[in-house]
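Here is a short report for a first look at this structure. Keep the sequence at hand while you read.

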Amino acid sequence: MEFLLQFLQSIHPLTDGLLKHLSETIRVREVPKGQYILRAGHISRHVHFIGQGLLRCFYIKGDNEVCSWFMKEGDVIFSIESFYDQKESYESIQALEDCTLFYISFDELQFIYRNFSEFNFIGRVLTERYHKLWAQQLYGIRMQPASFRYQWLLENFPELILRVPAKFIASYLGITEVTLSSIKSKKMIS
């Protein structure tokens, strides 16, 4: 948990009262590879900070799983719309590696926002960070030809190429595994 508290402190200094409250409130869970922390149709009731491991967020379109996010150490993960509106999620979140997650509930987060004003700044900074990431992803992946999508991923998140199975990378990039394999082989030749 010390890693999480240092991470939050790096965004904005925490008062002694908030540090004590977080130390008493934040829970930890070990999630084995393959286990879900959220399934579509359920409500995202917790926000998770990833201490160790890698998770994917995906939804079903027709008969296919579409990967929308990969989150790793130092990232926050939850189903945004489901969490903020406390409604059923259309997304699922699954561990791709064994994970150590730190988490708090929606109600507890609201309590912290109401009672510790400095945490509102932290929440804003994190929200801005993920909005920028979403915009970069929209441009880098959804609005470019397949070869540029893979190049964008290599330049921005090279560790994902090594940690995420090819079928999930292909889904994330909106291409087939065959196309991904072809792009990779062309990159190796040039």
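Glu97 and Arg163 form a salt bridge between their side chains, 2.7 Å from N to O. In a salt bridge, a side-chain nitrogen of Lys or Arg lies within 4 Å of a carboxyl oxygen of Asp or Glu. This pair links distant parts of the chain, 66 residues apart. Glu97 sits in the loop between strand S7 (91-95) and strand S8 (99-105), and Arg163 in helix H7 (residues 158-163). Helices (H or I, at least four residues) and strands (E, at least two) are DSSP runs, numbered from the N terminus.

The model is predicted: local features need pLDDT of at least 70, side-chain atom pairs count only at pLDDT 80 or more, and totals for chains, interfaces and linings use all residues. Residues are numbered from 1 along each chain as its sequence is written, and side-chain values use heavy atoms, without hydrogens and water.

**Salt bridges**

The count comes to seven salt bridges. Three of the pairs are tabulated here.

| Pair | N to O distance |
|---|---|
| Glu97 and Arg163 | 2.7 Å |
| Lys87 and Glu81 | 2.8 Å |
| Glu128 and Arg124 | 3.1 Å |

Glu128 and Arg124 are four residues apart in helix H5, so about one helical turn separates them. Glu128 is partly exposed at 38% relative accessibility. Shared partners join Glu73, Glu97 and Arg163 into one network of salt bridges. Buried means under 20% relative accessible area, exposed over 50%, and partly exposed in between (1.4 Å probe, protein chains only). Glu97 is partly exposed at 21%.

**A buried histidine**

His48 lies in strand S3 (residues 46-52). His48 is buried, with a relative accessible area of 5%. Its contacts (heavy atoms within 4.5 Å) include Arg29, Asp75, Val76 and Tyr103, leaving out residues up to four places away in sequence.

**Pockets**

A pocket is found on a 1 Å grid over the protein atoms alone: an open set of points where a 1.4 Å probe fits, with protein on both sides within 12 Å along at least five of seven lines; lining residues have an atom within 4 Å of a point. The largest pocket has a volume of about 890 Å³. Of its 38 lining residues, Val76, Phe78, Ile80, Tyr84 and Tyr130 are closest to the centre. Helix H5 (residues 118-142) gives the largest share of that lining, 11 residues.

The second largest pocket holds about 240 Å³ of space. Residues lining this second pocket include Tyr59, Arg142 and Phe168.

Terms used. Points joined across faces, edges and corners; volume = space filled by probe spheres on them.
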